[in-house]
Amino acid sequence: MANQVGQSKDSANSYCTNNGLKAAFNETYSSTVAAGTIISMSPAAGSQVDKNSTVTFTVSKGAEPAKTAKILSSNTIIQFYSKNSYEETETAVKKYLSDAGFTNVSCVKPTITDENKNKFYNLNKGVVVSVSVGGNTDYTAGEYPVNTAIVVTILDKEIN
């Protein structure tokens with residue numbers, strides 16, 4: 001049996017047909033082998049096989065598609081997940097995002113300085129003040145890979 005690993009599925013099928021063998025194919029994802037390429041075979045290359053025997057090939061489907069999850073707009077998160085304290089909001093936001101499927105979520109407190117404290121005046125503690133998806137606070141609601149870094153900034157004190 002000639003080695004078909006690294007060949008195309010069509011090539012392996014033709015080899016079997018031309019040599020009186022039957023071909024069976026299984027598919028699996030591979031991040032290192034191009035789609036449609038033979039990853040392995042059984043019996044192994046160099047084996048003696050009888051006519052009409054079946055050779056089973058494992059064919060690459062290419063890289064597995066990234067798993068995604070949906071995220072709401074930051075305005076929706078601010079409206080529906082802001083609670084009465086930092087801890088309550090953190091719990092609610094993390095539950096929403098983990099239930100959605102996201103795996104890389106963190107909550108932080110804003111750095112308040114004399115220069116930026118005006119934007120926090122009259123906001124209650126526990127309010128979501130921003131959401132960053134993949135480092136972008138101006139993201140679009142929709143599908144993102146589940147391992148995308150999501151950082152939710154929650155006000156931990158009232159500024160009056």
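**Exercise 1.** In this predicted model, the side chains of Lys94 and Glu90 meet in a salt bridge with an N to O distance of 3.4 Å. Find where the two residues lie and how exposed each of them is.

*Solution.* Step 1: Lys94 and Glu90 both belong to helix α3 (residues 86–100). Step 2: they are 4 residues apart, about one turn of the helix. Step 3: Lys94 has a relative accessibility of 32% and counts as partly exposed. Step 4: Glu90, at 21%, is partly exposed; the cut-off for buried is under 20%.

**Exercise 2.** Which residue forms a salt bridge with Lys95, and are the partners buried or exposed?

*Solution.* Step 1: the partner is Asp99, with the closest N and O atoms 2.6 Å apart. Step 2: Lys95 and Asp99 both lie in helix α3, 4 residues apart. Step 3: Lys95 is exposed, and Asp99 is exposed too.

**Exercise 3.** Classify the aromatic pair of Phe25 and Phe57 and locate its rings.

*Solution.* Step 1: the ring centres are 5.5 Å apart, and the planes are at 25 degrees. Step 2: planes under 30 degrees apart count as stacked, so the pair of Phe25 and Phe57 is stacked. Step 3: Phe25 lies in strand β1 (residues 22–28) and Phe57 in strand β3 (residues 54–60), so the pair ties together parts 32 residues apart in sequence. Step 4: Phe25 is partly exposed at 25%, whereas Phe57 is buried at 0%.

**Exercise 4.** What sits over the ring of Phe25?

*Solution.* The charged end of Lys9 does, 5.0 Å from the ring centre.

How values were computed:
Residues are numbered from 1 along each chain as its sequence is written. This is a predicted model: local features need pLDDT of at least 70, side-chain atom pairs count only at pLDDT 80 or more; totals for chains, interfaces and linings use all residues. Side-chain values use heavy atoms; hydrogens and water are left out. Rings of Phe, Tyr and Trp (its six-membered ring) pair if their centres lie within 6.5 Å; planes under 30 degrees apart count as stacked, over 60 as edge-to-face and the rest as tilted. Buried means under 20% relative accessible area, exposed over 50%, partly exposed in between (1.4 Å probe, protein chains only). A charge sits over a ring if NZ of Lys or CZ of Arg is within 6 Å of the ring centre and within 35 degrees of the ring normal. A salt bridge is a side-chain nitrogen of Lys or Arg within 4 Å of a carboxyl oxygen of Asp or Glu.
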